[in-house]
Amino acid sequence: MSTAVTKPTMPRRPDYLKAGRSITLDTNFFLVRHILSGIIYQYDVSITPEIPSSRCREIFRTWESENKELLRNILPVYDGRSTMYTKERLNIEKDTQQFELKIYKKEDKERRGRPQRFNFQIKKVGEINMDRLHMFLDGKVTTCPEETIMAIDVVLRNKPSLIFTPIGRCFFNRDDHQSAFGGIEFWRGYYQSVRPGNGKIYINMDVAAAAFYEPKSALDVLARAIGRDIERDIRGPLSEHDLKRAERELKGLKFITNHTGGKRRRYKITGLTTVPTDRLKFQVGKSDREDTVSNYFQNRYNIRLNYPFLPCIIADNPKKHIYMPIEVCEIIEGQRYNKKLNDKQTSDMIKFTCQPPNKRADAIRKGIDIISDPLNNEYQEAYEISFDTKMTSVEAHVLPEPRVYYNQRGGEKSIKPNFGKWNLKDKVLARCNEFKSWSVVVFAPQFRLNSGQVLNFIRQLSDICIKEGMQVPQGEPPVLHANPNGNIKNILAQSFEDAHRVYGRPPQLIICVLPDTKAALYNSIKRVSDTELGVPTQCVQSNKVQRPNPMYCANVSLKMNVKLGGINSYLGDQLKFITEKPTIVFGADVTHPPPGGDPNRSSIVSLVGSMDAQCARYHASLRTQQAKLEIIRDIRSMMKELLVAFYKSTGVKPERILFYRDGISEGQFNEALRVEITEIFKAFDDMEPGYRPTLTYVVVQKRHHTKFFPRNKGDADRSGNIPPGTVVDNTITHPVNFDFYLCSHAGIQGTSKASHYYVIYDENNFSSESLQTLTYNMCYLYCRATCSVSIPPPVYYAHLAASRARCYLNGWDDSESDRATVASGSNNDPNPSNNYSLAPVIPHLRQFMYFMVDGKGIAYIRCIHDMASSSTKRKNMEDWKTVESKPDILYCFKLEMRLIHSKACVEGIILRMGIFL
């Protein structure tokens, strides 16, 4: 009999947090004081032929200016796509009407040219009763009518969208910009949205930044695309390869011409000609005479081209045969750069957007002043909307930091972090497994990095490892110098053999010294090591090897220990929800192809699950699915895969499940309830009829614009940010549903962003304090750092697992790896030919966190023997018929799980005195 719940429902907030130190914060929410009553009329807007959204407002403004009689004193507001609102009903027959519009080019002020013709249709589709919103604000109903919020949002964004460059919910101008690497520039702007709070409505205002193409000569863009200097290097026709690169960079950009004086025409680049300008012929006017483009410009405009050997730009529709020499074209400003930023550009963007809390707060106040300016608020007056320009104050609580435990043999057995940070001084890692064989591959040239320097780094690294409790292999590891452009498989195989020859056993780890930070070599190493060789690798940068320092070596040692199956630290009995009963913690993420990449690439689905009672080890399950699809379609089989792995690892079935889901928006909550949670219940039934662990499903959101600012200096950390452990679950949160903001990390630079947690299903009956404390404590268990992190580690690991899948893609050009997104696991796309195939991970690596940082692999570990009787073990293993009668490997935390889950009295004692000795 099935126990699946067919209609999961969202839980209500159980209570408000009272624990921790109480502080007062300012937030970038501004209270809406007054909203109109009565009816707002909603109209659907359709424009044919279809045009980019960037032109929709231009068409709408033309319609508005040509229909003043229809509109009379009505001020319509438009969302820039398909929806229009009016305060009064339009006098049109049957509530629908079509209009024929003629749109002339901006430079054609005398309207002598041929206009574009559009069909503009409006149709009344609804009446929004704003009184329903007032009922919500008065506490008469608990559900906020979303359609009223959308209408107010469009009203408030209408004027800024007319005077600035709108992108989604943000608007920008070039007044505050900065040039960046690669021919782009960053613009600073503002984000604005209307959000319901606890019985009130707020405007959420934040600063934003976006990348745009720098307005400059198209010739400069071409030169940058092919990596050449205009004056020195471009002296002849382009090769076919360079032509394709240039076309890929220029295609789709809008430009104006500069050869006709004040009459500058606007066009869109649809391609480049394959024939140079001095050989490209076209028919002149309506005559039969043909001429080359270069001769035509010489004769018609008296312009002698400097680069007649370069191709022409194909403008607008290719059938019109409009060709423009590239040197007379200039890229128009305000065109967004939609491609993925490279490392240098990302670094520049971070520097541009990084603002300390006080400066960010000032910038936000400036933004709210812009939309409240009397010169810009005619729409607010027409729709009777008024709001505060002072930030809203909220009550917050700061949770206490957990104590982090290390091996009891160390000088300092545990530590209480200070503002989310601690160090490894006098500490021994919680558990270090047997480490008997390793090798080194150096991909940097020997004149830059010789064997002596490499071995000096290895000695310093070994000393750090020994201090932290890791027993490194005896003797110096074999060092192989290799060509980074060589056959990576053969190189790593040779290093594998070298280690076997020196130590008499295969290497447990291969150290790879990289010459730079480019992704191609790194991805090749990971693909070979994870899918062909079956040995984990640790990549280090050559400049760090040249000048090793203890801090860097300590950081590397943390990664090495985890790759070898060890555990760096633990929290003991501070994870009571997990240690009281067999519990598995999941993290899920879906990663999509980046803008500008191959549209046929699938999205990557990653699900990781904890395999012990301390949430120290995780398994990953990977899939692909249709690109841009956020809801996980194959979650049923992925859950089964990890439930079986948990059973093999611990010998017990999980009785409770805590599921952290990254990446879905509030508009997708109902679909997640309907699809993902329902499929999870089906997975339980598949495992065993009647099997039904209790499930809590929490959405983790980082992509929001809520910011908090300490009101008192004494409530801030050293960077001026809110301290780690800050929780806000009132005032600006949902009035009924169970959500909260938690800042679990310390601010380093810029303004800290708290993560938003939204519980959309809960069978474990969490109180606010229990869930918030558990979530916060888990953020101290990220294995590669000695600091708390901004989201729970399983969510981080799910993202890392999806990212690692990029390295396994067959047929993927590593040179473009910084722009690629790939998938892993089975292929769920309806058209499999559209997806790249993936090389499978070596089976034994899947049992460990191979995806972690530089790739986690199996270690040659000593298994801790199970203290349960053989008859008990046999009985446990027969509980699920789908699981093999004998586990593949005895995991190092099986003893811990058995003892903790059977004897609550030894929680923590076993961990602190027995397991890690």
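A residue counts as buried when its relative accessible area is under 20%, and as exposed when that area is over 50%. Keep those two cut-offs in mind as you look at this predicted model. Of the 917 residues of the chain, 57% count as buried. The accessible surface of the chain comes to about 39,800 Å². Carbon and sulfur atoms hold 47% of that surface.

Now look at the fold. The chain has 24 helices and 36 strands. Take the contacts between residues with a separation of 6 or more: 73% of them join residues 24 or more positions apart.

Zoom in on Leu771. Leaving aside residues up to four places away in sequence, Leu771 touches Leu658, Tyr660, Val698, Phe738, Phe740, Val759 and Phe766.

Helix α10 runs from residue 357 to 372 and has 16 residues. From its first C-alpha to its last, α10 reaches 23 Å, close to the 22 Å expected at 1.5 Å a residue. Which residues of α10 are buried? They are Pro357, Arg360, Ala361, Ala363, Ile364, Gly367, Ile368 and Ile371. The spacing has a simple basis. An α-helix has 3.6 residues a turn, so residues three or four places apart point the same way. On the other side of α10, Asn358, Lys359 and Lys366 are exposed.

Finally, turn to some details of the backbone. The peptide bond from Thr48 to Pro49 is cis, with omega near 0°. Pro49 is found in the loop between β3 (39-48) and α1 (53-66).

Two other residues have a positive phi without being glycine. Cys615 has a phi of about 55°, and Lys628 has one near 70°. Cys615 lies in the loop between β28 (603-610) and β29 (618-625). Lys628 lies in the loop between β29 and α18 (635-650). Is each one buried or exposed? Cys615 counts as buried because its relative accessibility is 2%. Lys628 counts as exposed because its relative accessibility is 54%.

Terms used: Residues are numbered from 1 along each chain as its sequence is written. This is a predicted model: local features need pLDDT of at least 70, side-chain atom pairs count only at pLDDT 80 or more; totals for chains, interfaces and linings use all residues. Side-chain values use heavy atoms; hydrogens and water are left out. Helices (H or I, at least four residues) and strands (E, at least two) are DSSP runs, numbered from the N terminus. The expected span of a helix is 1.5 Å times one less than its number of residues. Buried means under 20% relative accessible area, exposed over 50%, partly exposed in between (1.4 Å probe, protein chains only). Contact means heavy atoms within 4.5 Å. Accessible areas come from the Shrake-Rupley method with a 1.4 Å probe; for residues, only the protein chains shown count as cover.
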